[in-house]
Amino acid sequence: MKMSDASLLRSLARLGAFAVLPMTAVLILVWWLSVDSTEGTLVRFSNALLTSFTFVSFILLMTLFVYGDARKRPVAPLLGMVLSVLLGAGMTVYFLSQGELLMEDNGSVRAQALSNLIRLGTTLIGVGLGVMVVAGTLFASLMNTPPRRIQFEEE
Amino acid sequence: MEEATQAFVFFWLAGLFVVLGAMLAFFSKVHWQRRLGGALFGSGLLSLMLTPWTLPFSPSSAFGHLLGSLVGPVVLLGVGLYQIAFSGHVPVGRLSRTDRTVGIVMVVVGVLWLEAMHWWVLTPTYPSEVNKYWYIFWPTMLLAVLTCSSAGYAVVGLVGEERQQEQRLMLVAAALAIVLMVLGSLFDGPNVEHQRFATELLFAAADVFGAMVGAAVAILLFAVVLAVYESQQPAPKRLDPPTQEQLNQASQIIAQHVGGEGEDE
């Protein structure tokens, strides 16, 4: 492995650690301080996974129309992504219909699926607003830093 | 109109308009399509925010109520950060010092507004209890701020030089998010109990991780579908090798230009 590859890997590992470790530490602290039971967390994770898979597959399916313009409108990848969307939707319905496996407080499979979709929307808004605040703060700070001048050595 | 039809038109169709409108506005290269995308996005969003009035019978209208509750602080934060950024060292269209001051005030008020929604009486309440989607939004946003600011700290350290001020700012943002999460888990707000907040924080983390894993799997599958399709395409036609006559012509042209004697010498 080249030296630059090793350095890149180290940088990525450092970035990943900074992104994940503080959040994990806070979650463990909060769980230790105030949470009695973690029941339902796995259900939320599974519902979010299936909903996100189906939703993102649908979005990627839409982007294939842009791709199709550049590649003489191929049918094969479009069919592949349609199958992917159907697979996600099918798996969601299947697991939701297995009794209490993924069902929460909703009365029917359809209500639970729609509730999952709205919850994904809320999560996306929360993440989007968080990103906007941090990126905006960073950008504003960068733009307000005085421009640097090159210091030449005195002759 | 039946309730189900009303819900379809005012909520789900509007949601589809928001998604398709955003995609058209961002990805289309045609001007009128981008404008159409913006119009679809705006009308869809407006319809979603009006659902507490158009669909008062539907539980989904709580989502529209949350969107409406967030408009104020989001506009303050967005416009405020824009004003601060573009009153800095920008070459063209620089805003005045007053704009910068107004921007700072807007950001502070926006942040205080969001805080007041947890720690004061401004918590979104719909219809008579705390909006259930607020319990998802607020912990998710705090987690996102913490993750982005700590990742931002690492990125600035990796790619920037002498950017200690930005790194300090990222640390402050991360510390603020941590303090808010820990305080929320220890003390009750006027409308939100600390145990409920702590549980919702774990649920929010599960939602975010689940959404990330699901999106990653979908993207991986998308890449596989495209790679399989591309690998099945016939190879592009190769050009014939150059003839002796073409090689002679090329060598003459090269000799004219790399001979070492210019025309002006």
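How many Å separate the centres of domain 1 of chain B and domain 3 of chain B? I find 27 Å between these two centres, taken over C-alpha atoms. The model is predicted, and for that reason local features need pLDDT of at least 70 and side-chain atom pairs count only at pLDDT 80 or more, while totals for chains, interfaces and linings use all residues. Residues are numbered from 1 along each chain as its sequence is written, and chains are lettered from A and ligands numbered from 1 in the order in which they are written.

**Entry: domains of chain B**

I looked up the bounds, which come from an automatic or database domain assignment. Chain B is given domain 1 (1–58), domain 2 (63–126) and domain 3 (133–231).

**Entry: chain A as a whole**

I counted four helices and zero strands in chain A, where helices (H or I, at least four residues) and strands (E, at least two) are DSSP runs numbered from the N terminus. The pattern along the sequence of chain A is α-α-α-α. The radius of gyration of chain A is 23 Å, whereas a compact globule of 155 residues would have one near 15 Å; this radius is taken over C-alpha atoms, and the globule rule is 2.2 Å times the number of residues to the power 0.38. The C-alpha trace of chain A spans about 80 × 60 × 40 Å along its principal axes. Of the 155 residues in chain A, 32% are buried, and I note that a residue is buried if 20 or more other C-beta atoms lie within 10 Å of its own, exposed if 12 or fewer, and partly exposed in between, with C-beta atoms placed from the backbone.

**Entry: where the chains touch**

I counted 66 residues from chain A and 69 residues from chain B in the contact, two residues being in contact if their C-beta atoms, placed from the backbone, lie within 7 Å. On the side of chain A that touches chain B, the elements giving two or more residues are helix H1 (3–34), helix H2 (41–70), helix H3 (76–96) and helix H4 (109–143) of chain A. H4(A) provides the largest share of that side, 23 residues.

**Entry: helices of chain B**

Helix H4 of chain B (residues 61–85) has 25 residues and reaches 36 Å from its first C-alpha to its last, close to the 36 Å expected at 1.5 Å a residue; the expected span is 1.5 Å times one less than the number of residues. H4(B) bends by about 40 degrees at B:Val71, and B:Pro73, a proline, follows within four residues. The bend is the angle between axes fitted to the seven residues ending at a residue and the seven starting there.

For H5(B), the end C-alpha atoms are 32 Å apart, which agrees with the 33 Å that its 23 residues should span at 1.5 Å a residue. Among the buried residues of H5(B) are B:Arg100, B:Gly103 and B:His118, and the buried residues of this helix pack against H4, H6 and H7 of chain B.

B:Pro127 lies in the loop between helix H5 (97–119) and helix H6 (134–159) of chain B, and a cis peptide bond with omega of about -15 degrees joins B:Tyr126 to B:Pro127.

Why does B:Gln195 count as partly exposed? B:Gln195 counts so because it has 14 C-beta neighbours inside 10 Å. I place B:Gln195 in helix H8 (residues 194–231) of chain B.
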